[in-house]
Amino acid sequence: MSDRRKFVKLSLLSSIAMLAGKRLFAADIPAVAELAVPAVKDSPVVISTWDFGKEANTGAWEILRKGGRALDAVEIGVKIPEADPHNQSVGYGGRPDRDGRVTLDACIMDEHSRCGSVAALEHIVHAISVARLVMEKTPHVMIVGDGALQFALANGFKKENLLTEKSEKEWKEWLKESKYAPQKNIENILPGGAKNHDTIGMVAMDKNGDLSGACTTSGMAYKMHGRVGDSPIIGAGLYVDNEIGAATSTGVGEEVIRIVGSHLVVELMRQGLSPEDACKKAVERIVSRNPQAAKDVQVGFLALNKKGVYGAYALQKGFSYSVKNGNTEETFESKYFYS
Ligand code: SD4
């Protein structure tokens with residue numbers, strides 16, 4: 001752990017102790033999972049996948065710092081990369097499937113275990129907001145494909161072309177070989193060597209100590225039409241249990257779905273593991289179940305517990321995550337399994 005990170009962790013633990021009315025000495029610091037404080041009231045925090053999570057966190061923080069709800073924060077936060085045409089893995093500008101169609105997957109979950117999801121949604125920039133409406137306005141959890149589009153249009157969303165010139169050009173280049181070949185930590189090497197990650201997964205805790213999460217993506221570039229990854233699947237790409245913590249994932253969704261990854265991470269935290277250790281165990285589960293595939297792809301988990309402690313772990317080097325709270329705004333490199 002870097003000195004900076006140790007310092008942040010120590011500051012966080014000191015704040016927890018202060019909130020609990022105790023003075024903290026280095027020798028007294030218990031293992032994070034043993035802390036007896038139920039939630040860090042007044043200490044909001046937001047964490048999200050990858051370096052571009054930093055910008056999304058800034059949006060979320062605007063809600064959190066004013067005492068707003070984590071659910072609103074994560075929705076506002078992930079809408080930033082969704083609207084960014086330069087981000088070619090989320091929302092507008094996302095890379096298409098192999099038929100040249102941009103299809104989006106997204107889900108959202110709140111502190112009451114309410115959740116909503118859309119998959120294979122076309123023509124709507126803010127898939128996350130459609131997912132939230134599924135949660136709030138329907139008796140269902142998940143709506144896919146044409147049904148999701150119809151639902152969005154009926155609720156006032158605008159139909160748009162999400163395929164930008166840049167993404168279209170790259171897709172046409174890809175068509176020359178038409179090779180769907182997930183690569184280590186990159187998932188697909190694109191013409192010109194550009195990287196093809198990634199999804200934004202975000203989890204946050206608000207002033208009241210309540211947790212929510214959101215996850216949104218255009219999925220794996222050049223996937224088969226109709227392919228759905230982990231990101232919109234509650235329990236796979238995202239899970240929130242307001243008593244315990246929240247987790248989200250990124251990388252090759254098929255590997256995450258097989259172990260119902262984010263739910264597994266939360267359940268491991270319930271058993272007392274720290275967020276980082278829970279993420280590590282989930283990664284190890286992927287390796288033990290499918291060692292052949294695990295060697296050649298990237299999966300990263302990110303988790304936040306009810307005490308405001310966060311952590312991550314990935315299969316391969318290269319997974320980063322961004323954190324924002326009252327003390328810090330930083331991007332960290334995750335630890336990883338294959339050195
Ligand atoms: C998916 N997990 O569709 C997403 C994509 C992703 O790195 O995160 N790529 O499988």
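Let me begin with a hairpin, in which three residues connect strand β11 to strand β12; strands here are DSSP E runs of at least two residues, and helices are H or I runs of at least four, numbered from the N terminus. The model is predicted, so local features need pLDDT of at least 70 and side-chain atom pairs count only at pLDDT 80 or more, whereas totals for chains, interfaces and linings use all residues. Residues are numbered from 1 along each chain as its sequence is written, and side-chain values use heavy atoms, leaving out hydrogens and water.

Strand β11 covers residues 320–325 and pairs with β12 in the antiparallel sense over five bridges; pairing requires at least two DSSP bridges between the strands. Lys324 has Glu329 of β12 as its bridge partner.

Along β12, residues 329–333, the side chains alternate. Glu330 and Phe332 point to one face and are buried, that is, under 20% relative accessible area with a 1.4 Å probe, protein chains only.

Now to Ser320, which lies in β11. Ser320 is buried, its relative accessible area being 2%. Beyond neighbours within four places in sequence, Ser320 is in contact with residues including Thr49, Trp50, Asp51 and Phe332, contact being heavy atoms within 4.5 Å.

Finally, the largest nonpolar core has 48 residues, and Tyr321 is one of those touching the most other members. Such a core is a set of buried Ala, Val, Leu, Ile, Met, Phe, Trp, Tyr and Cys residues joined through side-chain atoms within 4.5 Å. Helix α9, residues 275–289, gives the most to this core, with six residues.

How values were computed
Buried < 20%, exposed > 50% of the residue type's maximum accessible area, 1.4 Å probe, protein only.
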